[in-house]
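Please look over the complex shown here. The report below takes its chains, contacts and core in turn.

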Amino acid sequence: MHRLKSSNNLIYFFVFGFILFLASNRVDELRVYQGASIAVFVIAIASIILLTGYSGQVSLGHGALLAIGAYSAAVARNEFNVPVVVCFFIAVLSSALGGVLLGAAAARLTGPYLAGVTLALAIGLPSLANQFPILGGEQGLIFDVGFPPLSLGEEFTQYKWFFWISSLAALISMWLLSNILGSRYGRNWRAGRSNEVAAQLAGINTGRSKILAFTISAGVAGLAGALLSMTIGTVSPSAFPLALSFSLLTGAVLSGVTTLSGVMIGAVTLVAIPEIADVIANRIGASERITTNLPGLMVSTLLIITVLFVPHGPVEQHRSRKAKKLVQKKN
Amino acid sequence: MSLEVSQLTIHHGAICAVNDVSFTVKQGELVAVIGSNGAGKTTLLRTLSGLNKATRGSATWKGHNLLHSKPELIVRHGVSHVSEGKAVIPELTVNENLELGAIWRKNKKESVASKSEITSIFPRLGERLNQRADTLSGGERQMLAIGRALMSKPEILLLDEPSLGLAPLVVEQIFQTIRDLTTSMGLTVVLVEQNAMGALKIADSGVVLNLGKVAVSGSATSLIADPQVRAAYLGY
Amino acid sequence: MIQFINTLLIGITAGSIYSLMAIAIVLVWRSTRVINFAQAGMALLSTYFGYEAMVHLNSFWIALPVAMAGGAAVAAFIELVFMRFLLKRSAHGAISGVAPIIATLGLLGVIRALTSSIWGGQDVRIVGPVSNVGYSIGANTLAFSPLKLLILVTVIVLVLLLSLLFQKSSIGLSLRASAFSPEIARLSGIRVDAVRTLGWSLAGASGAVAGMFQTVNGNGSFSPDSIEFSLLLVSGFIAAVIGGLDSLIGAVIGGLVLGLVISFVLMYISSSLFFIAPFVILLIVLFLRPQGIIGAKAARRA
Amino acid sequence: MKAMNRRKLITVSAVLAVASLAVTAVPAQAAEVGVSSTEIKLGMTLPMTGSASPGYNKIPAAVKAYFDYVNANGGINGRKLTLIAKDDEYVPTKAVAKTNELILKDKVMALLAPLGTANNKAVASVVNPGRRGIPVLFVNTGFSGFADKKKYPTTFSVLPSYIMEAKIMSEYIKDNFDGKKLGLIYQDDDFGDDALAGFKQAGVNFAVKVPYASGSQSGTTAAGWIQKLQAGGAEVVILFGVSSATAAALGTAAVMKYAPQWILGSVGGDATTIKAAGVPAGVLYNAVGASFAPATTDTNDEYVKLFQDIYLKANPTQTFDNNVMIGMNSAFLTAQAIQAAGKNPTRKSLIAAIEKSGSTFASAALVPLNYSTTSHIGYNGYWFGKYSPTGDLKPAGGVYTVYTTDSGTGAVVKSTYKRPAMPAKGLPN
């Protein structure tokens, strides 16, 4: 039964990937670039959902984990001339290592303390780049994945290449994650989230389970970080500001932190917001200071509204409403 | 001039904790509410002081509706609740715990008078005024909890399991104090207890709750004499 | 030697400002059991209020109370229309533990974006009421000026006033009782909701003073993306945790420790490490003394 | 049930994604991107808000003022010049995103005076205007690397490089402060590295060197810089940073009663910005500064007079300062380049025009332009002066003594360049 389900999933991921492939050939470059950003956000948001929704831990500092991945990929590429594909694996591994350490700390901390520690990490870690010359200081490192292979044709643009790489990475990681969550580990996490004591009584090592959740989440975040720096070409402290951690958290809350299936909602929203803000600012003829700040305002406002009114995300809301209706029908 | 509870029903989520309960407590009377664990005694008491919300029914004290008010307002009508488990704040001193009870009272002179009255009832509290409450023994803490409730100059005292976790000798002492207070200060007391025998001994009348419903009620002596009550709650 | 003394002096002055921020965090934590990550944002907004008062009335001694009143009002507003609603709504469910944290972050974002769009994201400039030129000892100039003295004295006075309020007045008793046991407080006739709003207001006012002093103590300028703001953002929380989250004295000690650590790292180690230093201190404290330097038994561990 | 839902969700998301991607169809390619029969669009990224923005945020209005002046006089071959400026907050990643918008959404013909070394580098590596043939005119940075035609084939430098500036500054120091203990505050990136390379080339040694990370400049950190300079006993201190860092250093030094001889680099030496940041004009008095354009207070200069008139008419509440003048000068160069690119300018013809005749363009600077088919180097020299009691930079003795050099090992020489007269009405002819 279990096997059947995951192979079914695989087919869906293939179909979805094919649709994306077709789409990438039909739209203009700006959309393709945005598509690549959406794919990166999907991965990053999934890593937060994995942590917060499935294991009940909150990290305000995922930006720092993304940074670890991005920096290690860039250093591997620039210093050791490692092939690009391997760079992405290195990003996953090194962030996962960071995740183990953070997870070990997290297993001893709860709620607000963990939130504060990760917040301090998000603010402090990127500035480390200024300490070690190999990390390129404030202006950072170039992370260049190279031009698309010539076999794809003359017309094949750089951004389409980014889109292909990040979409493929997103599809693979989403498929892996949904399988992990369906496994024993996924069930253990959910058990630990809803009732830690009961889970411990049931023989689940919640401490180890938490560290594992942190590790996997960090690894996925590292991949997102490397992809993000690919799409912006550089890795620098300013690419991972606190605002990034907050936007990712907003994306996760918008998607609904208790389920992976809404992840597109958050990712599309995050990419769409600057676009919408631009339209609004132009429409009302806003000044530069408003134009610059409108996206941030919209992200934060959405975050608050979601936490207040749809705390479990639109997908879960929809499901529970349906479930309620079913119960009412039965009655 | 009495506590009137009629057809009171209280839910905890989907569970009905108190079901259609009615009884009356006359002024100056000490009523024991007894019953086994989970009978709804504590829920009943918490609802009377405004901590829980009722589903149906009514409860009035001297004509004041108790059901749609908040605890901080109900106490201003002379209803004082000592919640379960030595209701003191351990981080505060004995003196501060006592002053807490009178904090809403405007007249500071009267509060000072109340405090000296209470320290004369519980001399041990008087000796330990500047100690933190968590340095007190269990019995002393219970006295402090009652003392705090008395500081608000109540007319009716709602006591939730004052005997819980105390040594038998201390329990006896506490019960005696409650009885004395009722008589000397003219207080009305609703005493929720699992120690049914001890409670009924000092009470004027009693209400027996079973699974949220009133099983029997009547004068304390009649309840002690009731063979069913004896078998179920008094253990002989 | 003079460099060491100056580093010490800079650290103490900065630390006293962080203490105020930590006190604000502690006050909110005590009244609603929420870590208010928006506290620095509220301080920022209040500082802009102070700046407006400065522009129109040109007196620091009017601007400071204006900022405090503004901070108190903003905090009360947030508690009344927002936190109450939120805490009621998010009491249950999978993210009940994280919802308040996320919500205060959202608030921080809203406040930052709003202040940036209203005041343009450029530095506010507030000139202190007294000179910031350091005292001289012989040929050396101390990193300690009349302004820094004023800051230190004001912080000490405020901390004393607050502890007097908490220890000696009935309002203070209400605040403490509501923090330790809201139920007993309510049964004693305390309007706990109003007391919570009061706790938030005090925090807002305290944060406002921190913001105003952080502004004049720097180069007199402050903006949503300045280092000074980021320092307030992390230092308040970290100092509060170092101090045990529940204790005012702890918050003061935590603030001073943090101020000194940052100052010495900045001077003797590296200017790029001074943001990671607070994080390291925080981790060390959490691992060695999870209850904080002045901590009760309150568990912060699972 | 759950599986069913997930299936539906994936389908729905797929449809949504495709729909959102497909909204915009590929538009038909016009003659040249950003050039219509009535308009030519140019795009600029620079910090317009945030801590690095003071001073530089006046540039868009300055460029627009000059463009409007050109447009009011008939435009270039009947086409209006339009500037679209976007705020990158001095953050490279934002510069990349905003440049993408300019190119892909606003479809500008060329980028004009994008600001910042790190920002331009990031844009060059990922947006890659060079590969796409998009001209990047007159980048607002003195990083020597951007003159590398092989690496950045469509990019044109305009400011003298930081290496040149450091070399010329060294010459000035040898002439005036020989034997004094030197201190240096510099930005810890390519901007600063360029400066270090120049000082090294000139053989200047520093007693104290204080690097700062871009974005970390503030009163809090500046206290550390000043203490280090004081401890090292520096008598002459060079501030080779952005305006906000220069202002933080000067302000904090005043508080700590530290008053060495200051030498201000051209990037951060804008007096209006420093004064706006609260540094009293008195602190600037007698500091040494450098510029390649005439002093902004020199209203006898025909360019200063014209640019000031145009700017103040469009922005009556603002002050005419060095950032404004350099911005307007770049706008003036742009207008000439487009004029030279032919009746129907294309990206290619624009680049070719600057390479062919860029060195003959009229400009306000007192230094020659060095464009050719092999060189994308703009100006190559500076004059030095001192700040007046009111904080205005003025040449020593009222005479501009200009030195020129290169970014390599070439010597620093006194320039003999004579600026040609301004074309009529300051319009391209």
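## Model and confidence

This is a predicted model, in which local features need pLDDT of at least 70, side-chain atom pairs count only at pLDDT 80 or more, and totals for chains, interfaces and linings use all residues. Residues are numbered from 1 along each chain as its sequence is written, while chains are lettered from A and ligands numbered from 1 in the order in which they are written.

pLDDT is the predictor's confidence in each residue, from 0 to 100. Chain A averages 82, and 89% of the residues score at least 70. Where pLDDT is low, the predicted coordinates should not be read in detail.

## Chain C

Chain C has eleven helices and four strands; these are DSSP runs numbered from the N terminus (helices H or I, at least four residues; strands E, at least two). Its radius of gyration is 19 Å, close to the 19 Å that the globule rule gives for 302 residues, so chain C is as compact as a globular protein of that length. The radius is taken over C-alpha atoms, and the rule is 2.2 Å times the number of residues to the power 0.38.

Of the 302 residues in chain C, 64% are buried (20 or more other C-beta atoms within 10 Å of the residue's own, with C-beta atoms placed from the backbone).

## Contacts between chains

Two residues are in contact if their C-beta atoms, placed from the backbone, lie within 7 Å. Four pairs of chains touch, and chains A and C make the most contacts among them. This contact takes 46 residues from chain A and 45 from chain C. On the chain C side, H4(C) gives the most, 14 residues.

Chains A and B share no contact; their closest C-alpha atoms lie 15 Å apart. Chains B and D do not touch either, with nearest C-alpha atoms 26 Å apart.

## Nonpolar core

A nonpolar core is a set of buried Ala, Val, Leu, Ile, Met, Phe, Trp, Tyr and Cys residues joined through C-beta atoms within 7 Å. The largest one has 439 residues, and those with the most contacts inside it are A:Val42, A:Ile43, B:Leu191 and C:Met21. Helix H2 (residues 29–55) of chain A brings the largest share, 17 residues.

Not counting residues up to four places away in sequence, C:Met21 touches residues including C:Gln39, C:Ala43, C:Leu232 and C:Ala239.

Notes. Buried ≥ 20, exposed ≤ 12 C-beta atoms within 10 Å, placed from the backbone.
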